[in-house]
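These entries record what I looked up in the structure shown here.

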Amino acid sequence: MTNGTATPTDLDTRLEAHRTELTGYCYRMLGSSFEAEDAVQDTMVRAWRSYDKFEGRSSLRSWLYRIATNVCLDMLTAGNKRARPMDLTESTPLAQAALSPRPDNTWLEPMPDARVLPMPSDPAEAAIAKESVRLAFMAALQKLPAKQRAVLILREVLAWKASEVAELLDTSVASVNSALQRARATLAERQEPGAEAAVSDPLDEDQQKLLDRYVAAFEGYDMTALTALLHEDAVMTMPPFDLWLTGVGDITGFMTTLGAPCAGSRLVPVQVNGLPGFAQYKPDPEKGGFSPWAVQVLEISDGRITGFHCFLDTQRWFPLFGLPLHLEAETDQVQEGA
């Protein structure tokens with residue numbers, strides 16, 4: 001079938017087949033769940049409108065990546081770089097903790113695995129894909145200039161040839177290789193917090209037991225049990241607040257003071273950013289049952305939880321994950337919807 005004979009239904013089907021991988025690419029480029037989905041939608045609209053000009057010299061997939069790259073580069077011209085709290089401020093001692101929000105466009109955003117990770121048949125490819133959307137790697141990408149970011153993602157994550165990337169970016173192979181070398185050097189200079197997170201895919205028995213113990217400790221609000229699960233240098237973040245805490249004492253101290261209303265919460269498993277996570281529902285004293293409070297992303301290393309990242313804008317995140325905005329009191333679990 002040539003482009004000239006593609007029916008609207010045929011074209012829709014062919015374009016949609018690439019949506020998940022394109023969303024993953026745009027998410028790595030932009031650091032924002034919603035901007036990534038907007039970028040892919042813009043890509044699809046541009047592809048639809050200009051399909052009659054597609055001459056087939058490259059594959060449809062390559063052509064879509066070219067459009068998506070241009071969309072992302074246009075969106076990044078404003079210079080905004082998404083960040084985590086530890087990228088912007090120093091760790092705050094509990095005694096000085098204050099909840100100061102920053103605008104939404106400040107923050108690196110969480111993303112359900114199902115929206116950005118196609119299901120490759122090769123387990124090694126699947127593992128690389130998951131590692132490439134983890135928060136630490138995403139934060140490192142945000143340090144790179146936009147074109148270096150594109151080169152690194154295309155070459156290292158998606159395994160494109162230098163010649164293919166050069167064609168996509170309308171540049172030379174030498175320029176692509178130079179950009180990749182500079183990007184690698186920048187990442188090597190920066191050891192991002194959370195980069196050491198070692199989570200197997202699928203979770204091994206010890207990691208699953210650790211998560212089971214975490215759920216029991218958190219839902220029971222048992223700080224002694226939680227202390228046994230956290231690494232001594234564990235980090236807790238809570239976007240949109242720029243506060244972040246380091247160390248078991250400050251984390252559990254926060255949870256029993258400013259975070260005390262979270263006692264009695266329920267946790268629902270989610271797959272987020274290539275890592276284990278939970279949707280946290282907090283007791284709702286007005287309506288009864290439980291209301292959304294946070295999407296938690298956990299980083300694990302050497303049998304302990306090293307990162308505990310809570311994204312609090314639940315009116316945005318819970319629908320993205322296909323999760324309900326209320327749990328009845330008798331409901332202990334719901335299935336992840338995304």
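**Entry 1: Asn 273**

I located Asn 273 in the loop that lies between strand E3 (266–272) and strand E4 (275–283). I note that the model is a predicted one.

I next examined its surroundings. The side chain of Asn 273 makes a polar contact of 2.8 Å with the side chain of Tyr 27. Setting aside neighbours within four places in sequence, I listed the residues in contact with Asn 273: Tyr 27, Glu 109, Pro 110, Met 111, Asp 113, Lys 130, Val 133, Arg 134, Leu 135 and Met 138.

**Entry 2: strand E6**

I turned to strand E6, which spans residues 304–311. How many of the eight residues of E6 are buried? I recorded seven, so the strand is largely enclosed by the rest of the structure.

I looked up the pairing of E6 with two strands. Strand E1 (residues 230–238) runs parallel to E6 and is joined to it by four bridges. Within this pairing, I found Val 235 opposite Gly 307 of E6.

Strand E5 (residues 290–301) pairs with E6 in the antiparallel sense, over seven bridges. Here Ser 301 has Arg 304 in E6 as its bridge partner.

Terms used:
Residues numbered from 1 in each chain as written. Predicted model: local features only at pLDDT ≥ 70, side-chain atom pairs only at ≥ 80, totals over all residues. Heavy atoms only, no water. Buried < 20%, exposed > 50% of the residue type's maximum accessible area, 1.4 Å probe, protein only. Pairing = 2+ DSSP bridges. Polar contact = N/O pair within 3.5 Å; in protein donor to acceptor, adjacent residues only side chain to side chain. Contact = heavy atoms within 4.5 Å.
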